[in-house]
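Subject: Structure handover

Hello,

Here is the structure I promised to pass on. Please open it first, then read my notes below.

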Amino acid sequence: MLNLLHREFIVKNNYLLTLALTTISGLYSAQTFAQCELNPDILNASYQLTSSSNQTAKTVHQSQINLWRQGNTVAHQYPQTDITESWYLLANQQIKPSRYFDGYQRAIEYQPGEVVHGKTEKDWSYRYQLVSNKLIEQLTLVNESGQGCKRTQRFSKNSPNGLVTLTWLPELKLISQFSWQQGKGKQQVTEDWKLIEVGHNPATIKAFFNNLSQYKTTDYADIGDDHSDPFLTQMVTLGFVEHGASGFYDVQGHALEANGHQHSH
Amino acid sequence: MKNLNLTLVAIAIMSLTACSDGDDGQNGTDGSNGATSLITQTALPLGDANCPNTGVRIDSGVDTDADGTLQASEISATEYVCAPGKTSVSSNELLTSVNNEWFLAGQQQIAKARQTWLNATASEAGANSQANNAKTASTLQVSQAANLASLKGTAKNMILFVGDGMGISTVTAARILEGQLKGKMGEEHNLSFDTFAFSGLAKTYNVDAQTPDSAGTMTAMMSGVKTDAGVIGVNEQVERGDCSTVAGTELVTALELAEIAGKSTGIISTARITHATPAATYAKSADRNWEDISDMPAEAVTAGCKDIADQLVNFEANLEARITGADVDGIDVVMGGGRRHFLPKDTAFNSPDAVSSTEGDRTDGRDLTAEWQAKYADGVYVYDQAGFDAVDANSTKRLMGLFNESHMQYEADRHNDIAGEPSVAQMTAKAIDILDNNDEGFFLMVESGRIDHGHHAGSAYNALTDTIAFSDAITKAVEMTDMSDTLIIVTADHGHVFTIAGYPKRGNPILGKVVGVGSEEPATASDGMPYTTLGYTNGRGFKNLGTETDADEGYGHDIAAGRHDLSDIDTQTAGYHQEALVPMSSETHAGEDVGIYAQGPGALLVNGTNEQSVVYHVMDFAADLTTQANAALAAN
């Protein structure tokens, strides 16, 4: 059943698929194997995020997010704000978050099960992939193409809440392209993510995480103990309190309200 | 008013007494009529200035104007006849008081307190004589002085319980919560240490801070010397963060004296064992944050300062090097969290219940748990509940338990720990079981470190449930020791800006919204919204995390100080965080006094309002630590 739908949508969405395949081919030109031999757990990927709104005048905002994976550790790096968030998946499936303030070489460590957006962090796929499995399951597979690391799936869903499209690299568990529209006419808001770079160099990835580990860390519970530390006392204005990591979906994979979303931290 | 004519009376008397035997003379000329004397009586009401209990005022004088009335100008004398005052009441009149349960309980408390005082102050020889014989004040003073002197050194064992951040309001609220969890109204309930015979207050300020931190306060309690905030085991001459200023400022702690005196020693904390409070029992550091070498500035390492974890593992050698003649065997029992400060920053050293990709923080490659085990062949190192349970207290001479990478769990969250953790009561019992194998006695410090963290996060639930767990640990200590030879002191290092407010009716859920006397509906403030009994003056403010038991979860949300509509919110859940007035990234300590509660030999020294450093001096007196330590040094 899925295959039939797949072929049907290849024709209908030829233009979008071509764009996606062009991007992926460029990223994986050396990968022609039927089986993908790249380890999705050792990976770094950069996305360009474009947010546009028709609400008043046409406005476009661009930013970047870098995804880093090293085994059971994942990091989301926001270069514009010098903040990196990281999560470690424990053997018992609990998730331990950490937040790194790159401009200050300081970090805050949390206990496993830390709350983000008012919910306990339980969905590893959301942090690992930037989009949760629960969301993907809600989408309709439009087509599938390629092989090995380049195997690509295109999903879509048009609901009263808006249009969601996802170009997905299942072998790498990686977003290739992701867009989301909400509203119509002047009320329309569009978010779009494009994969612009992927790396698999263990040394580069190790160096990134090693650098984070050099930051002076403070246990979350200790924030109140030392009011002589200017960094801790000013954490609020430094961006300690922030909105979603990706901002597009909450931990359940539901799209967030457009007017509540902020890329900056 | 009554007027009496005394003229006629006088004439009558004269006629009865004017008799003689001579001849009668001629009648004289009648004189003119004399003036009439008058007397008036005036009844006086209750409360009169001259007769407070009522009476009569008697005015007398001559009616010079013969109008038959004694005018004020005619009064020549005034007397008062007052009713006597009421100096006693019958039992019947007092029936409503003497039969009242509070009255009876109060009387019994007085009798108990008197006996407690006599028991505590009387030496074995003089106890009965003092109780039974009336003595002059001077004799009594001499006797009491002698008795107090005889108390010195009577405490063979000492246990110091420190509830980090357990201010007076925390004790009160925890007492009520525990009572309500037991099905009582709550207010009448007592935590274990509420029933201790002696208590006093401690002024908590640091030498350089009106509102203190744990480092300065615990240093005062352990060393008898108040010092600056943020420094561990050193006096105020040190400059925080400057290693070069440490030399010469090191203080001697009660634990160190106990070690030198030959007692067994132990430290327990539900926080990291390198955290400020436990660290002040054994370490000397210019900064409380130097918990491992990666936390220290390079110049401090180069200058020779040691991190706190290093100082714990090398306590024995350090003390012997610092005090000539000291021959100690190291701290016998160490239990708490903070494994990260003892392990190298290398995944190969991760514990099975590590919660970070790399558990250890040490950048010098040292595994201090291994060093400790190499140093003490008879030592047992455990890191989880199973290991803890397997420790045989009778055969174990030395125990190190590091149960968490960082702080141990909140009591309410303990069941969520990966490998399991013992409760503070379980750790206390195990420690006493091991330490009391020494005939010379022991010193044990037990800290409930996460009461403080619960408050900082704005979670009364976590702060109070940890206080209750702490009270359970004290119960265990009381059960396992003999009050005749073990001094138990319970206190806090500082309070928090935590309030019990409004006018809730008796038995109102302490975590609930205020419901006034005679009402079933929550009271509303002037903004029309309900409010909770418990609240904070500052901090992150309102959070409603439902059944979440980890108070730190509240840090993941925007600060929400000020008022919120609580109408549809269950404020009694574990995840509810109380409202706060002043928005801050974390709720703060308070500068108020804290309670000191004591029982056992020397406990009577705990009374009145004291500098916090008095805690050390009470322990030193009760166990005569200094004398015993000096004797041991002299003998070596």
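Let me start with a helix in chain B. Helix α17 (residues 460-480) of chain B gives the largest share of the lining of the second largest cavity, at three residues. Keep in mind that this is a predicted model.

**The second largest cavity**

This cavity holds about 90 Å³ of space. Its lining has 14 residues, and those closest to the centre are B:Thr270, B:Gln409, B:Glu411, B:Val424 and B:Asp466. By class, the lining of the second largest cavity has six nonpolar, four polar and four charged residues.

**The largest cavity**

How many cavities of 30 Å³ or more does a search of the whole structure find? The search finds six. The largest cavity has about 260 Å³ of space. It is lined by 20 residues, with A:Thr218, A:Asp222, B:Arg272, B:Asn289 and B:Glu291 closest to its centre. Strand β14(A) gives the most to this lining, with four residues. The lining of the largest cavity divides into 13 charged, five polar and two nonpolar residues.

**The largest pocket**

Now the pocket. About 820 Å³ of space lies in the largest one. Its lining counts 31 residues. Nearest the centre are A:Phe209, A:Ser213, B:Lys345, B:Ser357 and B:Thr358. Which element gives the most to the lining of the largest pocket? That is α5(A), with five residues. Four elements of chain A each supply at least two lining residues: β4 (83-89), β5 (95-101), α5 (202-213) and β14 (216-219). By class, 17 residues of the pocket lining are polar, eight are charged and six are nonpolar.

**Chain A**

Some totals for this chain. Chain A has seven helices and 14 strands. It runs to 265 residues, and 55% of them count as buried. Take the contacts in chain A between residues at least 6 apart in sequence: 52% of these join residues at least 24 apart. The chain exposes about 11,900 Å², and carbon and sulfur atoms supply 50% of that area.

One residue to look at is A:Ser156. You will find A:Ser156 in strand β10 (residues 152-159) of chain A. Is A:Ser156 buried or exposed? Its relative accessibility is 18%, so A:Ser156 counts as buried; the cut-off is under 20%. Beyond its neighbours within four places in sequence, A:Ser156 is in contact with A:Leu139, A:Thr140 and A:Val142 on one stretch of numbering, and with A:Leu163, A:Val164 and A:Thr165 on another.

**Helix α7 of chain B**

Why is helix α7 (residues 214-223) of chain B described as largely enclosed by the rest of the structure? Because 10 of its 10 residues are buried. Among them are B:Met218, B:Met221 and B:Met222, along with B:Ser214 and B:Ser223. At the start of α7(B), a side-chain oxygen of B:Asp213 comes to within 3.3 Å of the backbone nitrogen of B:Ala215. After α7(B) comes B:Gly224, which has a positive phi near 80°.

Which side chain does B:Arg175 join in a polar contact of 2.8 Å? The partner is the side chain of B:Asp194. Setting aside neighbours within four places in sequence, B:Arg175 contacts B:Gly186, B:Glu187, B:His189, B:Asn190, B:Leu191 and B:Asp194.

Helix α8 (residues 254-260) of chain B holds B:Glu259. With a relative accessible area of 2%, B:Glu259 is buried. Now look along the chain to B:Asp329, 70 residues apart from B:Glu259. The C-alpha atoms of the two are separated by 7.4 Å. B:Asp329 is also one of the residues that B:Glu259 touches.

Over to you.

Best wishes

How values were computed
Residues are numbered from 1 along each chain as its sequence is written. Chains are lettered from A and ligands numbered from 1 in the order in which they are written. Side-chain values use heavy atoms; hydrogens and water are left out. A polar contact is a pair of N or O atoms within 3.5 Å; within protein, one must be able to donate a hydrogen and the other to accept it, and residues adjacent in sequence count only if both atoms are side-chain atoms. Contact means heavy atoms within 4.5 Å. On a 1 Å grid over the protein atoms alone, a cavity is a set of points where a 1.4 Å probe fits but cannot get out, and a pocket is an open set with protein on both sides within 12 Å along at least five of seven lines; lining residues have an atom within 4 Å of a point. Grid points are joined across faces, edges and corners, and a volume is the space filled by probe spheres set on the points. Ala, Val, Leu, Ile, Met, Phe, Trp, Tyr, Cys and Pro count as nonpolar, Asp, Glu, Lys and Arg as charged, and the others, Gly among them, as polar. Buried means under 20% relative accessible area, exposed over 50%, partly exposed in between (1.4 Å probe, protein chains only). Accessible areas come from the Shrake-Rupley method with a 1.4 Å probe; for residues, only the protein chains shown count as cover.
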